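Please keep the sequence and the structure open beside you while you read.

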Amino acid sequence: MFLPLLSGLVVSIDAFFIGLSLGLQKKFKFLYLIMINVFLLALCFIGFFIAGRVYDLIPFDTDLIVGFTFIGLGLWYILHNLIGSYLKKRKGKTETEEASFKTIIIIGLVMSIEAMIITMGITFMFIENSTILIPIVVAFAHFGYSALSFYLARTKYIKKLPTTLSYIISGSALIIYGLMALFLEIM
């Protein structure tokens, strides 16, 4: 029971860097982060219940799905933000320009779907020990990490951090978790 909850805490660390990048955006308010995390909590519960029902329908080891999904998500985070940063520089915009409302919604959706996939992955990997605590831990860990880093980003020391760097670190955390899931399969 301890390992699934620890896994939920560890894999949610990417939310720290998402909160950091959102905190660097002046237009983004803490209330938006709360709304994103309420939606995220709902998707975590949906992911938990879906994973429990489809586990027996998957004919091969689910660790492979979890590993490749997280590697894909991490690569998408990194590439999407590097390309976006490059395009902004070509247009002459600065990296820390304010996010539009559309961007905020997209970030919220991506963060919530990623948390749902995390919940499903942990449920798949620890199906025998999975309880309702898994989606709760994942959701509250996401909120805690993102809220902490959101406030840290508003300090004068962290404002110097490039937004793209925080997305790269977040994507790398997902890739590492995906590799851990694949490594668990090999053992």
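**Notes on the fold**

1. Among the contacts in the protein chain between residues at least 6 apart in sequence, 92% join residues at least 24 apart, where a contact means heavy atoms within 4.5 Å. Please keep in mind that this is a predicted model, in which local features need pLDDT of at least 70 and side-chain atom pairs count only at pLDDT 80 or more, while totals for chains, interfaces and linings use all residues. Residues are numbered from 1 along each chain as its sequence is written, and side-chain values use heavy atoms, with hydrogens and water left out.

2. The protein chain has 7 helices and 0 strands, and read along the sequence its pattern is α-α-α-α-α-α-α. These elements are DSSP runs numbered from the N terminus, with helices (H or I) of at least four residues and strands (E) of at least two.

3. How does the radius of gyration of the protein chain agree with that of a compact globule? For 187 residues such a globule would have a value near 16 Å, and the protein chain has 17 Å, which agrees; the radius is taken over C-alpha atoms, and the globule rule is 2.2 Å times the number of residues to the power 0.38. Along its principal axes, the C-alpha trace spans about 50 × 30 × 25 Å.

4. Of the 187 residues in the protein chain, 45% are buried, a word that here means under 20% relative accessible area, with exposed meaning over 50% and partly exposed in between (1.4 Å probe, protein chains only). The protein chain exposes about 9900 Å², and carbon and sulfur atoms supply 74% of that area; accessible areas come from the Shrake-Rupley method with a 1.4 Å probe, and for residues only the protein chains shown count as cover.

5. In soluble globular proteins, nonpolar side chains tend to be buried together. The largest nonpolar core has 40 residues, of which Phe28, Val66, Phe70, Ile122, Val138 and Tyr177 touch the most other members; such a core is a set of buried Ala, Val, Leu, Ile, Met, Phe, Trp, Tyr and Cys residues joined through side-chain atoms within 4.5 Å. At least two residues of this core come from each of H1, helix H2 (14-23), helix H3 (30-54), helix H4 (62-90), helix H5 (101-125), helix H6 (133-153) and H7, and H5 gives the most, with 11 residues. If residues up to four places away in sequence are not counted, Ile122 touches Pro4, Ser7, Gly8, Val11, Ile134, Val138 and Tyr177.

6. Why can H2 be called largely enclosed by the rest of the structure? The reason is that 9 of its 10 residues are buried, namely Asp14, Ala15, Phe17, Ile18, Gly19, Leu20, Ser21, Leu22 and Gly23. Ser149, which is found in helix H6, counts as buried because its relative accessibility is 0%. Leaving aside neighbours within four places in sequence, Ser149 is in contact with Ala15, Phe16, Gly19 and Leu20.

7. Leu9 has its place in helix H1 and counts as partly exposed because its relative accessibility is 39%. Val10 is also placed in helix H1, and at 42% relative accessibility Val10 counts as partly exposed. Ile13 is found in the loop between H1 and H2, and at 36% relative accessibility Ile13 counts as partly exposed. The C-alpha atoms of Ile13 and Ser170 are separated by 7.8 Å, although these residues are 157 residues apart along the chain.
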